[in-house]
Amino acid sequence: MATSTAPVAPPAHDTFPINGTDYIEFYVGNARQSSIYYRSAFGFRLVGYRGPETGVRDRASYLLQQDKVRIVLTTPIGPEGPIADHVRLHGDGVRDMAFWVDDARDAWARAVERGARSAQEPTVMQDEHGEVVVAAICTYGDTIHSIVERRNYRGLFMPGYVAVQPAFQGTSAGLMYVDHCVGNVELGKMNPWVKFYEDVLGFRNILTFDDKTISTEYSALMSKVMSNGNGRIKFPINEPAAGKKKSQIDEYLEFYRGPGVQHIAVATDDIIKTVRTLKSRGVEFLSVPAAYYDSVPARVGRIDEDLAPLRELGILVDRDDEGYLLQIFTKPVQDRPTLFYEIIQRKGAKSFGAGNFKALFEAIEREQALRGNL
Ligand code: FE2
């Protein structure tokens with residue numbers, strides 16, 4: 001931990017208040033099949049649908065929910081248009097990390113005034129349940145932040161979506177809320193995007209990892225964590241650093257064809273149970289050598305959990321000044337080595353597991369080498 005630095009953060013001056021993550025939307029090649037994966041493996045419930053049957057001609061969107069985690073899987077119906085272009089270029093990936101706000105028009109205007117590139121002007125959508133106002137701004141790569149106002153809406157999600165009750169439904173794996181979303185950007189672009197989140201959204205840089213913290217024998221990366229004022233939105237931003245071989249960030253950038261979301265961390269309050277459930281349903285995780293656990297007691301001190309199940313499942317542990325955390329990372333969830341998930345349980349700690357970076361990145365590099373990309 002000595003090598004991570006917490007800058008003296010200026011007080012956050014959010015450009016507009018954000019209540020939390022509204023949803024995360026993925027553009028995928030086959031949303032119908034992806035929705036089965038997220039139900040059967042991750043335990044989401046399919047609750048809504050919008051597509052040709054409901055009057056939207058060019059796309060189909062599946063709305064899935066687990067506790068406070070809401071995801072939308074969207075696929076193009078034909079080969080034309082921006083959704084198809086996105087999927088062709090990036091493969092399955094995150095298009096939108098949407099903010100839940102109280103006043104979307106005001107939020108969008110303030111962001112644009114401070115230099116944000118607009119992706120969508122404020123648009124009102126109405127049905128018998130009220131109205132939702134949605135605007136959007138661009139962030140790194142082809143990724144956007146929708147700005148969603150739903151205070152005058154009492155429907156399921158948004159006008160256009162219909163409630164569905166499929167015969168097959170997911171059973172919760174204990175995933176509760178989005179803890180943080182990490183972006184990978186090109187060499188030299190981390191600081192410009194840090195400045196974007198500071199200047200445009202009023203976020204602050206709460207933690208910095210330099211390439212000495214995050215390096216293995218082969219590759220390195222740098223990372224800065226951006227947070228909004230209430231801490232409900234946390235965006236670490238990574239860029240590659242020079243190493244003997246190709247950084248894992250470079251591998252991502254090559255296969256995603258540019259910057260994008262690298263991983264989504266989802267919180268649980270019982271990581272042993274959650275990981276056991278996910279593994280039994282086919283989710284694949286990175287493993288660390290058994291020797292990792294030899295040093296855990298000395299490094300993190302007393303914890304509530306037995307070490308045996310942590311070792312059995314490959315769950316990592318780290319401590320900071322405020323407590324400890326347990327975390328584990330999946331392998332990429334599509335064939336391109338791009339997006340993966342983190343499962344995290346916080347027991348006081350507000351950091352991101354810097355003490356695990358070395359063991360973790362060595363595990364990632366073993367996988368990278370197997371793919372012939374190291
Ligand atoms: Fe993370």
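1. **Ground rules.** This is a predicted model, in which local features need pLDDT of at least 70, side-chain atom pairs count only at pLDDT 80 or more, and totals for chains, interfaces and linings use all residues. Residues are numbered from 1 along each chain as its sequence is written, and side-chain values use heavy atoms, leaving out hydrogens and water.

2. **Overall shape.** Along the principal axes, the C-alpha atoms fill a box of roughly 60 × 45 × 40 Å.

3. **Secondary structure.** The chain has 9 helices and 18 strands. These are DSSP runs, numbered from the N terminus: helices (H or I) have at least four residues, strands (E) at least two.

4. **Two domains.** Domain 1 covers 20-163 and domain 2 covers 174-371. Such bounds come from an automatic or database domain assignment. The domain centres, taken over C-alpha atoms, are 25 Å apart.

5. **Where they meet.** In domain 1, 37 residues are in contact with 36 residues of domain 2; contact means heavy atoms within 4.5 Å. The area buried between the domains is about 2900 Å², and carbon and sulfur atoms give 67% of that. Buried area is the accessible area (1.4 Å probe) that two parts lose on being put together, summed over both. Phe 42, His 90 and Tyr 140 supply 23% of the area that domain 1 buries against domain 2, more than any other three residues.

6. **Polar links.** Between the domains, 11 residue pairs are in polar contact, both at pLDDT 80 or more. A polar contact is a pair of N or O atoms within 3.5 Å; within protein, one must be able to donate a hydrogen and the other to accept it, and residues adjacent in sequence count only if both atoms are side-chain atoms. The count of salt bridges between the two domains is 0.

7. **Salt bridges.** The whole structure has 16 of them. Each is a side-chain nitrogen of Lys or Arg within 4 Å of a carboxyl oxygen of Asp or Glu. One of them joins the side chains of Arg 110 and Asp 106 (2.7 Å, N to O). Both residues lie in helix H3 (residues 104-113), 4 residues apart, about one turn of the helix.
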